[in-house]
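Reader: Hi! I'd like to talk through some charge pairs and helix packing with you. Could you show me the model before we start?

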Amino acid sequence: MIVAELEVWHSRPIAPTRRVALGKATLPVDPPPGYGGILLGGIVGSHISAIDPDLVPDLLRLMTQVEEGQRVPQPRLRHRLQVDQVGLQRSRLRLVAEGDDLAFAFDHAHAAPAQLVLGATYAVGRLAPPSRRAVMATLRRAVTWEGAAGPELIAALAGWSRGRDLSRSAFENPVGWALDVLGFSGDGSRDGRRRAGPGLGSARPDRSAVTRRFRELLREAHPDHGAESEGAAQRIADLTEARRILLAGGR
């Protein structure tokens, strides 16, 4: 299932003039950065390493101009933005959900990396001002990414700990995921729980309850205390992330 999508139109690599334009976009960003922000950040993070380092300062200036709604002088990154798509080729860039997994699906065989990064950056300018700042912060985070365009990039763009995967359910409801990982359930009447908020369907435990439960489960999960070694590292990482979410008040 496609959860976010962007069309970027661009000139051919051998064309004498370098141009880029935006096409159709489905970029949900509520709450920011949303699936749309993760897609745009993923486009930048996936292609930033192929861009001339001398162009990165101009890219960062462009991000600020787009974020603040300023007039953008052309060209940028040696490409000129245009409104129509006449004479251009199309690339489709998507974030898809496969069960509980999120993944990037990029159909962009004939696009230069700078064209796709520019498309993602200009697409932020289409967003309403309240969402624009949070989404552009995600793109700036992507500029520093070093690695593959896989689950770890998605987790990093969403603000989760590096070195772990991020499931769709965890992204959509991080507090609910954290409550489940730490084994909290019920209506808030026991174990120091309080209501987690509208729509979460669970209760938010207080700090002492979170810390106590984390220590109990960490001991059970650790191989030094008799737990299986296989999968222990991921289990401990999940427990640590769940504790961080609940103690911080959310993602």
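Author: Happy to. A salt bridge here is a side-chain nitrogen of Lys or Arg within 4 Å of a carboxyl oxygen of Asp or Glu. Keep in mind that this is a predicted model.

Reader: Good to know. How many salt bridges does a search of the whole structure find?

Author: The search finds 8 salt bridges. One of them joins the side chains of Asp-58 and Arg-61, at 3.8 Å from N to O.

Reader: Where do Asp-58 and Arg-61 sit in helix H2, in terms of helical turns?

Author: Asp-58 and Arg-61 are 3 residues apart in helix H2 (residues 56-67), so about one helical turn separates them.

Reader: And is Asp-58 buried or exposed?

Author: Asp-58 counts as buried because its relative accessibility is 17%, under the 20% cut-off. Arg-61 is partly exposed, with a relative accessible area of 48%.

Reader: Which other residue forms a salt bridge with Asp-58?

Author: Arg-76 does, and the closest N and O atoms of that pair are 2.9 Å apart. Arg-76 lies in the loop between H2 and strand S3 (80-81), while Asp-58 is in helix H2, so this pair ties together parts 18 residues apart in sequence. Both Arg-76 and Asp-58 are buried. Through shared partners, salt bridges join Asp-58, Arg-61 and Arg-76 into one network.

Reader: Nice. What does Arg-94 form a salt bridge with?

Author: Its partner is Glu-5, with 2.8 Å between the closest N and O atoms. Arg-94 belongs to strand S4 (residues 89-98) and Glu-5 to strand S1 (residues 2-10), so the bridge ties together parts that are 89 residues apart in sequence. Arg-94 is partly exposed, at 26% relative accessible area, whereas Glu-5 counts as buried at 17%.

Reader: Switching to helices: at what angle do H8 and H9 pack?

Author: Helix H8 (residues 207-221) and H9 pack at about 175°, and their axes are 10 Å apart. That makes them roughly antiparallel, because the angle is over 145 degrees. Among the residues making the contact are Phe-214 and Leu-217 of H8, and Ile-236 and Leu-239 of H9. The contact residues divide into 10 nonpolar, 1 polar and 3 charged.

Reader: And how do the axes of H7 and H9 cross?

Author: The axes of H7 (residues 174-181) and H9 (residues 232-248) come within 9 Å and cross at roughly 125°, so the two helices are oblique to each other. Their crossing is left-handed. Residues that meet there include Trp-177 in H7 and Ile-245 in H9. This contact has 10 nonpolar residues, no polar ones and 3 charged.

Notes: Residues numbered from 1 in each chain as written. Predicted model: local features only at pLDDT ≥ 70, side-chain atom pairs only at ≥ 80, totals over all residues. Heavy atoms only, no water. Axes fitted to C-alpha atoms, helices over the stretch in contact; angles between N-to-C directions. Helix = DSSP H or I, 4+ residues; strand = E, 2+ residues; numbered from the N terminus. Parallel < 35°, antiparallel > 145°, perpendicular 65-115°, else oblique. Left-handed = near helix turned anticlockwise from the far one by under 90°. Contact = heavy atoms within 4.5 Å. Nonpolar A, V, L, I, M, F, W, Y, C, P; charged D, E, K, R; others polar. Buried < 20%, exposed > 50% of the residue type's maximum accessible area, 1.4 Å probe, protein only.
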